[in-house]
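Hello,

Here is the structure we talked about. Please open it, then read on for what I found.

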Amino acid sequence: MLTLSSPPLQLKPSFPFPHRSLTSFPTLVDISNQKKYSLHCCTICNNKDEREQNGIMENLKGRRLLVFLVSSSLFPTLPSIGKTKMKNPYDEKRLLEQNKRVQRENNAPDEFPSFVREGFEVKVVASDNYVKRDSGLIYRDFVVGTGDVPKSGQQVTFHYIGYNESGRRIDSSYQQGTPAKIRMGTNALVPGFEEGIKDMKPGGKRRIIIPPELGPPVGPSTFFSAKQFEVFDVELLGVKDCTRRTIAFYSDVICD
């Protein structure tokens with residue numbers, strides 16, 4: 001007698017999970033742990049992404065700084081042409097020619113100096129025969145003269161002709177018909193004028209170029225309307241000693 005025995009029943013997993021057994025499906029605890037793990041992984045990934053972004057930004061900043069330093073060293077800042085006024089020799093030559101033309105129209109004397117104005121500065125153009133002192137006074141001797149130079153308190157007698165920068169005559173003792181007389185050291189003369197004649201000798205002829213800082217006062221009460229250079233041709237005629245005379249309540253100075 002044959003006995004048929006059926007094989008034990010085996011359950012096969014369904015389609016989506018062909019290789020899992022029934023006991024391998026996750027439980028609620030496993031699902032909760034998996035969510036926690038996923039959240040932890042996401043947090044780690046986000047932190048990693050932030051660190052990578054921060055690293056990229058720092059790298060970009062470093063590159064920009066490096067490029068700036070290299071460009072600054074290779075291409076230094078050049079001076080602005082608009083702020084720096086370049087001197088043009090052609091303009092100075094043109095101004096000199098214009099100055100000479102005006103001087104000829106004003107009948108200025110020979111070898112009269114030229115004055116070129118550049119903003120607030122004035123450039124004096126003269127021959128090498130002129131001498132410039134530390135005070136700024138410029139002079140030239142045409143005739144040296146003889147004798148002793150005047151001393152403080154002595155009286156000097158001289159003729160003079162005064163010119164402005166354009167060579168126009170502004171004053172002359174020759175036209176007045178009488179020479180000027182003044183005592184030295186009494187502050188009666190323009191500072192530059194007194195400095196220019198204090199070392200002259202009688203019979204000497206000198207041209208004096210007085211800068212504005214040594215010139216006369218300016219204003220409506222004088223014929224000097226602006227601070228300009230003044231030019232004087234001076235002829236020193238003589239020097240006299242002076243003494244003070246007192247009679248009763250009257251006192252004066254006599255020069256002979």
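Is D199 buried, partly exposed or exposed? D199 is partly exposed, with a relative accessible area of 32%. The cut-offs are under 20% for buried and over 50% for exposed, with partly exposed in between (1.4 Å probe, protein chains only).

Two notes on the basis. This is a predicted model, where local features need pLDDT of at least 70 and side-chain atom pairs count only at pLDDT 80 or more, while totals for chains, interfaces and linings use all residues. Residues are numbered from 1 along each chain as its sequence is written, and side-chain values use heavy atoms, without hydrogens and water.

Now the salt bridges (a side-chain nitrogen of Lys or Arg within 4 Å of a carboxyl oxygen of Asp or Glu). The structure holds 7 of them. R133 forms one with D199, and their closest N and O atoms are 2.4 Å apart. R133 lies in the loop between β3 and β4 and D199 in the loop between α4 and β8, so the pair ties together parts 66 residues apart in sequence. Helices (H or I, at least four residues) and strands (E, at least two) are DSSP runs, numbered from the N terminus. R133 is buried, at 19% relative accessible area. R133 also forms a salt bridge with E195, at 3.7 Å between the closest N and O atoms. A network of salt bridges links R133, D141, E195, D199 and R206.

Elsewhere, D252 and R245 meet in a salt bridge of 2.8 Å, N to O. D252 is buried at 15%. R245 is partly exposed at 37%.

Best wishes
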